[in-house]
Amino acid sequence: MPGAVRFDHLQVLTTSTGLYEHASGTRPRVEHGMCVDDVARGLVVTAREQDPSAQVRAMADTYLTFLLDAQRPDGTMHNRRSADGAWLDEPSTDDHWGRALWALGTAVAHSPDADLVARAQAGATRALQARSVHPRAMAYAALGAAELFGAHTDELAARRLLRDVRAVLLPGRHDRPWPWPYGRLTYANAVLPEAMVRVADVLHDTDLRADGLALLTWLVQEQTLDGHVSAVPAGGRSPGDRSPAFDQQPIEVAALAEAGWTAYRSTHDPRWVSLVTRCAQWFTGDNDTGLPMRDATTGGGYDGLERGSVNQNQGAESTLAWLSTAQLAARATSIDQGAPVHSAPSDGPAWVRRTEHVLRPDPARTVDLLFLPGQEAAASGESRATLVLERIRALSDAQVADELRDLAVRFGERHGTLTRTWRAGYRLVEHRLPDDGPPLSADRQQLAGAYVTQQYALEGSALCNPSMVEHPDQSGTAPGSTRFVLSLRAIGEGHHSSVEFRTGTIDAADVLTFDAPPRAVHLAAPHTARFSRTAFAHQIHDLHGDDASSGVVLDALEPEFDREDLARALARLHDQQLTRGGAAETIRRVDQLAERTYAVRFPRESSLQERVLMPRAAAESRGMEDVRLTRFDEPGGVPEYLGTYTAYDGHQVSLQLLRTRDFRTFTSTPLSGPGARNKGLALFPRRVGGRGLALSRADRESNAVAVSDDLSHWEAPQLVQGPVQPWELVQLGNCGSPIETERGWVVLTHGVGPMRTYSIGAMLLDLDDPTRMLGRLTRPLLAPVGDERTGYVPDVVYSCGAMRHGRTLVLPYGCADTRTRIALVDLDALLEELLDPAVTA
């Protein structure tokens, strides 16, 4: 395996303005000039070098300057440049444009030079505007966009490009002997399946990911002979061509190494590490000729592998192919030796492993909501809706037609659905149309509906604070695998919060895969809700105490009732207003309470991932926050999924309980009692001693256990754990429902320390008496590091619930209240530390 990467020969090829393309032996051939293709590869290599020397930093700066000089304002780029600095071609979006975007994204994501990062980001922003008709160019561009997306830079534009790349990447033809989507292998072939994997990982497209990995597997087999890499020659390869063939190009081997490293990062499958190692060994002599393809003393790469010899010229492409492969091989060696290598940050106990999954907010995920142009009255006493309708009536027929045509173009893919939304919107404001004029035509009604409709980005600000449970449908999963449901807090404009869902699978080897992300959004429709008189009585008591007026209402109700029953009971109290002074206030408050109990159902044709729960009651008008899901098992009953959440109306918080068996029909009811005050109630997944239990933080700073008979009214909690460690001195809370193990209930906690830093810890409670703590961690299990520290709310890692998968805890967690990641926790190691007296004392 290679030692330290040497940049000596690359420095020889580099000038103060760029990088010479060709060499005769080791001497640069100045007459052939320079090109963006090679300079972009040079920036990739120098920008991602760990602990770069001053020499490497200077080369990176030169290469970036060259690329920015080549770029036009519309993102297109020149490619070829003479030694005297003259551009020799017209700007275009051929392969060199894609490689340049790859380089710019790599520099933004990996360079330690802040000034270089800022300049590269500006170039990337311009490059993201452009598109190419060439699949290979788009594939290289996808690598750069994925790097930008991972660095949280130009995320919306990067996502758009990745979606466009998705459309041009041809699927493999896996039912044929030659599955490659083209009739011939040419050069740098592996970039195509690599791009498929990178795009799939960002867009969570499992089908595309599987296709990319399958194509890469075939491509590796096609270029393997007697256990070593046998690369496609410069002339390409068609079905039936003999191997080995010669004039093998280093760029093909480097592309295989890059793709192998990407596949490893996606799957953590060690066979891809082995591929990277074999690619490096091709350069060191394990190839069809048995001769080295790199100069070990200078770091130069030879231009081609011939039958019995090598092309001794050391041009830029070949040199950079060797250097990039050597960089990846060094990382592969660290993995072979047991050192974890992740692009995600690594910190804390060795038995906690962050995966590379990141769920980021997608601003393009929108719903259509009613928009009233101001609720306030105008000076004349007329509402603004009236004024807007009058203005629409005053438009000419041509203006109306023009506006509708423009809307059809701008919202073409959604136009059919939107026209129904607009008609419904018009019906809501139709009564505001003045009677002193003609009625609106059908076109004007449709246009009026558009004026009272707005797009709301569900994830405009954040996608965070997840909880994970087993999927109710485990059919078809492989042995040892578990399908899961992930709930997420989606935060949009005005800090309004909704509840979204994602699904996926974790297999027997703890490899986690998310299903393809949802494309559509489905909102729920109201469904018949039932009330409990006992729970209602507790809620009335919490709200304003018992009084004679509320007693009149409760006495008129059956143990279970609906809204019609309640309306009749309230009518009875209304008739007694003359003799009951507080009756009107009681009616108002009871109506408010009743609104907080509701049921909804999603369309049957909707998938679980497409379903979004949005606030329905006034008490949650600003948000449904931090759902803590758990699968709740009653003895002899059907499992039910319960989720407590914080309802927020902009002024105060209250607690609600979601219930569902199928994630299609949900009920929401308010919780009551001293144990259900403040945020963060989390249910135990089963009764203990015949009673329901929940973790409570009613005192706002400690973890306690509350008891309930009906899972609705929670008695005063008993303190279990107070803030002790430096990282939790401000306050403690839970990170979701307890997880049952043979040693006790594992409770993930959150602690708040200096600078309002949120970390995740753990404690262990007795199985039979969960008010007895058996152990607690003295150090965080997970603390914010790297880019987890930056976002909407800095320095926060937070979870609303993990899932047990065999001897692993799958821990989803929010980062900086912005995005969501996954960590895998070794359960046995966690239990050992929790029960170690030397650690937990």
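This is a predicted model: local features need pLDDT of at least 70, side-chain atom pairs count only at pLDDT 80 or more; totals for chains, interfaces and linings use all residues.
Reader: OK, rings. How many aromatic pairs are there?

Author: The structure holds 18 aromatic pairs. Rings of Phe, Tyr and Trp (its six-membered ring) pair if their centres lie within 6.5 Å. Planes under 30 degrees apart count as stacked, over 60 as edge-to-face, and the rest as tilted.

Reader: What sort of pair do Trp 261 and Tyr 264 make?

Author: A tilted one, because the planes are at 35 degrees, with the ring centres 5.6 Å apart.

Reader: And how far along the helix are they from each other?

Author: Trp 261 and Tyr 264 are three residues apart in helix 10 (residues 250-267), so about one helical turn separates them. Helices (H or I, at least four residues) and strands (E, at least two) are DSSP runs, numbered from the N terminus.

Reader: Are Trp 261 and Tyr 264 buried or exposed?

Author: Both are buried. Buried means under 20% relative accessible area, exposed over 50%, and partly exposed in between (1.4 Å probe, protein chains only).

Reader: What about Tyr 641 and Phe 663?

Author: They form a tilted pair too, 5.0 Å centre to centre, with 50 degrees between the planes. Tyr 641 lies in strand 23 (residues 640-648), and Phe 663 in the loop between strand 24 (653-660) and strand 25 (665-670), so the pair ties together parts 22 residues apart in sequence. Tyr 641 is buried at 3% relative accessible area. Phe 663 is buried as well, at 0%.

Reader: Which cluster do the ring pairs build there?

Author: Ring pairs link Phe 501, Phe 602, Tyr 641, Phe 663 and Phe 666.

Reader: Where do charges sit over rings?

Author: Arg 136 lies over the face of Tyr 187, 4.6 Å from the ring centre. The charged end of Arg 294 sits over the ring of Trp 322, 5.5 Å from its centre. The test is NZ of Lys or CZ of Arg within 6 Å of the ring centre and within 35 degrees of the ring normal.

Reader: New topic. How many disulfides?

Author: Zero, in a search of the whole structure. A disulfide here is a pair of cysteine sulfur atoms within 2.5 Å.

Reader: So what is the nearest cysteine sulfur to Cys 815?

Author: That of Cys 464, 9.4 Å away. Cys 815 is buried, at 0% relative accessible area. Cys 35 is also buried, at 2%.

Reader: Now strands. How many residues of strand 33 are buried?

Author: Eight of its eight residues. Tyr 758, Ile 760, Ala 762 and Leu 764 point one way, and Ser 759, Gly 761, Met 763 and Leu 765 point the other way.

Reader: Why the two ways?

Author: Because in a regular strand the side chains alternate between the two faces of the sheet.

Reader: Which strands pair with strand 33?

Author: Strand 32 (residues 744-752) runs antiparallel to strand 33, joined by eight bridges. Strand 34 pairs with strand 33 in the antiparallel sense over three bridges. Two strands pair if DSSP finds at least two bridges between them.

Reader: What is in the turn between strand 32 and strand 33?

Author: The two form a hairpin with five residues between them, and Met 755 in the turn has a positive phi of about 60 degrees.

Reader: Last one: where is Thr 771?

Author: In the loop between strand 33 (758-765) and strand 34 (773-776). Thr 771 is partly exposed, at 25% relative accessibility. Leaving aside neighbours within four places in sequence, Thr 771 is in contact (heavy atoms within 4.5 Å) with Val 705, Gln 718 and Val 720.

Reader: How far is Thr 771 from Ala 704?

Author: They are 67 residues apart in sequence and 7.6 Å apart in space, C-alpha to C-alpha. Ala 704 stands opposite Leu 719 in strand 29.

How values were computed:
Residues are numbered from 1 along each chain as its sequence is written. Side-chain values use heavy atoms; hydrogens and water are left out.
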